[in-house]
Amino acid sequence: MSQQKPLAGRVALITGSTSGIGLALAEALAGAGAHLMLNGLGDADQIEAARARLQNEYGVQVRFHGANMMQPAEIADLVAQTHKAFGRLDILVPNAGIQHVSPIEDFAPEKWDAILAINLSSAFHLIRAAIPLMKTQGMEGQIGGRIVNMASAHALVASPFKSAYVAAKHGLAGLTKTVALEVAQDGITCNAICPGYVKTPLVEAQIGPTAKARGISEEAVVRDVLLAAQPTKAFVHYEHLAGLLLYLVSDAGESVNGAMLPIDGGWTAQ
Ligand code: NAD
């Protein structure tokens, strides 16, 4: 039965898939038949429970590697172990990310370094290690590969107090476009999804600090700050992101390359 699923037999590596968007997208990929390499931080028992649930529910192989996205050697090992375990790598989703909200004059330099490392440089290290594997698959006449970076509306526009995050996501846009040009004839595509606000643990964690930075209530942060720029006045849902991801990695997505694709309720149309 799994042979009829659109991604049956394909292998997907998605970082930051122990929580929020990454976990939801991992589930969507498993639902479409892809074998998975999960990655992220968190409680070992909870991660194992999520891994086992996805494997049992969707009948795909699901593994976990705890590489820290701040450590290039661990990232290289993550890609190598994925290839060793499954013999291929078709779909790469650099998704791990963190946030820190602060006026720039108080912005802790170590937070800047961590955000640039996790939200931007980890994608470079992942893609750098994955491309040779994908190119080889492409040369063998198979589907080369699909890279889908998890960017943000903040890859396209800025908001105050998020200097590192906005800089990292704008950097990810540059990386996405550059890689797309380099691999365009190798059967590989590289695109980025640019979500507006999705209610995940990452977003919930910034409500308090944003309230403090702006001197307003948490309710006001949700209404007047988070969703102020999102014309729909509604959070983006996981399913909306999953729909675009599954399109981009499908055969129909073959000509989409180097695109920054907003799913933001109209935020970046303004
Ligand atoms: P989340 O906090 O729920 O999940 C983040 C994931 O990244 C977790 O699995 C965490 O363990 C992992 N992670 C963090 N630091 C890591 C490290 N050093 N090494 C390995 N893994 C690490 O957040 P989320 O909202 O699901 O965010 C996922 C991605 O989506 C991020 O890149 C974020 O910037 C992006 N994004 C989120 C929103 C939103 O509204 N939630 C909007 C636009 C873009």
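Me: How many bridges join β1 to β2, and do they run parallel or antiparallel?

Reply: 4 bridges join them, and the two strands run parallel. Strands pair if DSSP finds at least two bridges between them, so 4 bridges make β1 and β2 a pair. Ile14 stands opposite Leu38 of β2. Strands here are DSSP runs of E with at least two residues, helices are runs of H or I with at least four, and both are numbered from the N terminus. The model is predicted: local features need pLDDT of at least 70, side-chain atom pairs count only at pLDDT 80 or more, and totals for chains, interfaces and linings use all residues. Residues are numbered from 1 along each chain as its sequence is written, and side-chain values use heavy atoms, with hydrogens and water left out.

Me: What makes β2 and β3 a pair?

Reply: 4 bridges, in the parallel sense, join β2 to β3 (residues 62–65). Asn39 has His65 in β3 as its bridge partner. The chain gets from β2 to β3 through helix α2 (residues 44–58), and this β-α-β crossover is right-handed.

Me: What does right-handed mean for a crossover?

Reply: Point the strands away from the viewer; the path from the first strand over the helix to the second must then run clockwise.

Me: Why is β2 called largely enclosed?

Reply: 5 of the 5 residues of β2 (residues 35–39) are buried, so the rest of the structure largely encloses this strand. Buried means under 20% relative accessible area, exposed means over 50%, and partly exposed is in between, with a 1.4 Å probe and protein chains only. His35, Met37 and Asn39 point one way from β2, while Leu36 and Leu38 point the other way. In a regular strand the side chains alternate between the two faces of the sheet.

Me: Why does His35 count as buried?

Reply: His35 has 18% relative accessibility. The cut-off is under 20%, so His35 counts as buried. Leaving aside neighbours within four places in sequence, His35 is in contact (heavy atoms within 4.5 Å) with Gly9, Arg10, Val11, Ala12, Val60, Gln61 and Phe86.

Me: What makes Asp251 and Arg10 a salt bridge?

Reply: Their side chains meet at 3.6 Å, N to O. A salt bridge needs a side-chain nitrogen of Lys or Arg within 4 Å of a carboxyl oxygen of Asp or Glu, so the pair at 3.6 Å qualifies. Asp251 lies in the loop between α8 (238–248) and β7 (260–263), and Arg10 in the segment before β1 (11–14), so the bridge ties together parts 241 residues apart in sequence.

Me: Are the two partners buried or exposed, and why?

Reply: Asp251 counts as exposed because its relative accessibility is 51%. Arg10 is buried because its relative accessible area is 16%.

Me: How do you know that Asp186 and Lys135 meet in a salt bridge?

Reply: The N to O distance is 4.0 Å. Asp186 sits in the loop between α5 (163–183) and β6 (188–195), and Lys135 in helix α4, 51 residues apart. Asp186, at 27%, counts as partly exposed. Lys135, at 33%, is partly exposed.

Me: How many salt bridges does the structure hold?

Reply: The structure holds 7. One of the 7 joins Asp224 to Arg223, with the closest N and O atoms 2.8 Å apart. Salt bridges with shared partners also join Glu27, Arg53 and Glu57 into one network.

Me: Why is Asp106 called exposed?

Reply: Asp106 has 57% relative accessibility. Exposed means over 50%, so Asp106 counts as exposed. Asp106 is in the loop between β4 (91–93) and α4 (109–139).
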